[in-house]
Amino acid sequence: MRIIHVYDGHEKVCVEEGGSPASIAYELARYAVKKGHQVTVLERKWKGLPHEEEKEGIKFVRINPRVGSNIPYKENPYMEIKRLSGTLRLILDRSIFAFEASRYIRRNDFDVIHVHLPFAACILIMLNRKLANKMIYTAHVGEEKKRFALDPSVTPLALRFFSPDLYLVKRVRKSVVLNEPLKQKLVEKGIKKEKLEVIPNGVNVEEFNLGKEEVTKIRRKYQLDEDKVIVMFTGGVKPRKGVEYLIKAAHILKNNLKNNNVLFLIVGPTDRDIQYAEAIMRYAKEKGIYAKFTGFIPWEDLKALYSACDIFVLPSLEEGHGLVLTEAMASGKPLIGSNVGGIPKQIRDGWNGFLVKPGNEKQLAEKIRYLIDNPEERERMGRNSRKLAREEFDWKKIAERYLKVYEEVA
């Protein structure tokens, strides 16, 4: 098969970016190459990179950004859309990308067109409706209610009028969603069941679960006390991720634990919702909670911190598929997560961790305390986590499921 991945986001398509949609596209591309398929990745032309190159058998073709930046991560779409000028820039940037992508695809004959972000893909279909019959869309969606206009109370007026995600799902040959509940909601919206596949994101299991030497090194780098139980969260510090409930749970534990031997490690960018992040950090300081906010960190450091922590928590209010849970799972950690979206597929309650009600800091504190007080349970659940990661979430198995979808489309 001749497969093309179209990616118009603000990060390079490469494995080093961790759990971003860009890295997921890369994993699928390199696995398909190993299976003998011809794979092209169409992305933005980043500063210092050639217009065309081959890497691990994948052909990269890059389009010059005429409006947006050519430096990865410089422009944050979450921030840009908060200003009219930023919104207009994004629309113009994605439109130009789509026109250039359409010209390239017309000049080449692909069996499968895999798109990972909705805006430019919508324009591609508008420019050439025939492409929809070859197109697969993976909905890397966390804010499902908003993005798919499932709940008018949280959906902006613009998305109620036009949802790029819904527009695509209705028109492309196949759409991949990350969890079964979203599939059911889309079927209720009138999408045909046979047009939808549920495939979670994967993880390279062998890249995780580092040795003692690497763990000691990363603890020293981030000044993590050796005698502390480390409760870790990673992700953008924004309301949807429920970080406030983790910090409130930390406050409950501070007043109930016999000795304050716990560090709450909050790993991830704080610029997605600056007001929210500042309020969380201020609350932690005022309450005397032993918490460390790292901000954005390099991917290699993040992998090491998974191994350095003792308990991993994802208190999201909604979550398509918590890839950070899968990464912590591969690192052999007990998990605590909200009972929403795709999280119940990753956490088997009482076996490799605990499910809690979203927004319930008391229940969250109770489960964290149980794991703090029972190190043998942390070990047992951690072993089960790594077993589950190998059996169900290793990239080889996930990519094989995608190849079956490709074959059906081709």
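Aspartate 301 is buried, with 10% relative accessible area. The model behind this value is predicted. Aspartate 301 belongs to helix H12, which covers residues 299-308. This briefing starts there.

**Aspartate 301 and its surroundings**

- Aspartate 301 counts as buried because its relative accessible area of 10% falls under the 20% limit.
- Beyond residues up to four places away in sequence, aspartate 301 touches Ile218, Lys221 and Tyr222.
- Isoleucine 218 is 83 residues from aspartate 301 along the chain, yet their C-alpha atoms are separated by 7.1 Å.

**Glutamate 43**

- Glutamate 43 sits in strand E2, residues 38-44.
- Is glutamate 43 buried or exposed? Glutamate 43 is buried, at 1% relative accessibility.

**Phenylalanine 296**

- Phenylalanine 296 lies in the loop between strand E11 (291-295) and H12.
- This residue is exposed: the relative accessible area of phenylalanine 296 is 61%.
- Leaving aside neighbours within four places in sequence, phenylalanine 296 is in contact with Gly268 and Pro269.
- The C-alpha atoms of phenylalanine 296 and valine 267 are separated by 6.9 Å. Along the chain, phenylalanine 296 and valine 267 are 29 residues apart.

**Helix H13**

- Helix H13 runs over residues 323-330 and is mostly covered.
- Eight of the eight residues in H13 are buried. Among them are Leu323, Thr326, Glu327 and Met329.
- Just after H13 comes glycine 332, with a positive phi of about 75°.

**Salt bridges**

- The count comes to 26 salt bridges.
- Arginine 30 pairs with glutamate 56, and their closest N and O atoms are 3.4 Å apart. Arginine 30 is in helix H1 (residues 21-34), and glutamate 56 is in the loop between strand E3 (52-55) and strand E4 (58-63), so the pair ties together parts that are 26 residues apart in sequence.
- Arginine 30 is buried at 15% relative accessible area, whereas glutamate 56 is partly exposed at 45%.
- Arginine 390 and glutamate 206 meet in a salt bridge of 2.7 Å, N to O. This pair links distant parts of the chain, 184 residues apart: arginine 390 in helix H16, and glutamate 206 in the loop between strand E8 (196-198) and H9.
- Arginine 390 is partly exposed, with a relative accessible area of 40%. Glutamate 206 is exposed, at 57%.
- Arginine 240 and glutamate 319 form a salt bridge of 3.9 Å, N to O. Arginine 240 lies in the loop between strand E9 (229-234) and H10, and glutamate 319 in the loop between strand E12 (311-314) and H13. The two are 79 residues apart.
- Arginine 240 is buried at 13% relative accessible area, and glutamate 319 is buried at 6%.
- Salt bridges also link Asp8, Arg44, Asp93 and Arg94 in a network.

**A nonpolar surface patch**

- Which residues make the nonpolar surface patch of about 360 Å²? Met126, Phe161 and Phe162 make the patch.
- Methionine 126 is in helix H4, residues 118-127. Methionine 126 is partly exposed, at 46% relative accessibility.

**The second largest pocket**

- The second largest pocket has a volume of about 370 Å³.
- There are 20 residues lining this pocket, and those closest to its centre are Ser307, Cys309, Gly332, Lys333 and Glu379.
- Helix H9 (212-221), H12 and helix H16 (375-393) each give two or more residues to the pocket lining. H16 gives the most, with six residues.

**Cavities**

- How many cavities of 30 Å³ or more are there? The count is five.
- The second largest cavity has a volume of about 60 Å³.
- Its lining residues include Ala250, Leu253, Asn260, Phe264 and Tyr290.
- Helix H10 (243-254) and strand E10 (262-267) each supply at least two residues of the lining of the second largest cavity. H10 supplies the largest share, three residues.

Terms used:
Residues are numbered from 1 along each chain as its sequence is written. This is a predicted model: local features need pLDDT of at least 70, side-chain atom pairs count only at pLDDT 80 or more; totals for chains, interfaces and linings use all residues. Side-chain values use heavy atoms; hydrogens and water are left out. Buried means under 20% relative accessible area, exposed over 50%, partly exposed in between (1.4 Å probe, protein chains only). Helices (H or I, at least four residues) and strands (E, at least two) are DSSP runs, numbered from the N terminus. Contact means heavy atoms within 4.5 Å. Patches are made of residues with over 30% relative accessible area and no salt bridge: like charges are joined within 9 Å, nonpolar side chains (Val, Leu, Ile, Met, Phe, Trp, Tyr) within 5 Å. Accessible areas come from the Shrake-Rupley method with a 1.4 Å probe; for residues, only the protein chains shown count as cover. A salt bridge is a side-chain nitrogen of Lys or Arg within 4 Å of a carboxyl oxygen of Asp or Glu. On a 1 Å grid over the protein atoms alone, a cavity is a set of points where a 1.4 Å probe fits but cannot get out, and a pocket is an open set with protein on both sides within 12 Å along at least five of seven lines; lining residues have an atom within 4 Å of a point. Grid points are joined across faces, edges and corners, and a volume is the space filled by probe spheres set on the points.
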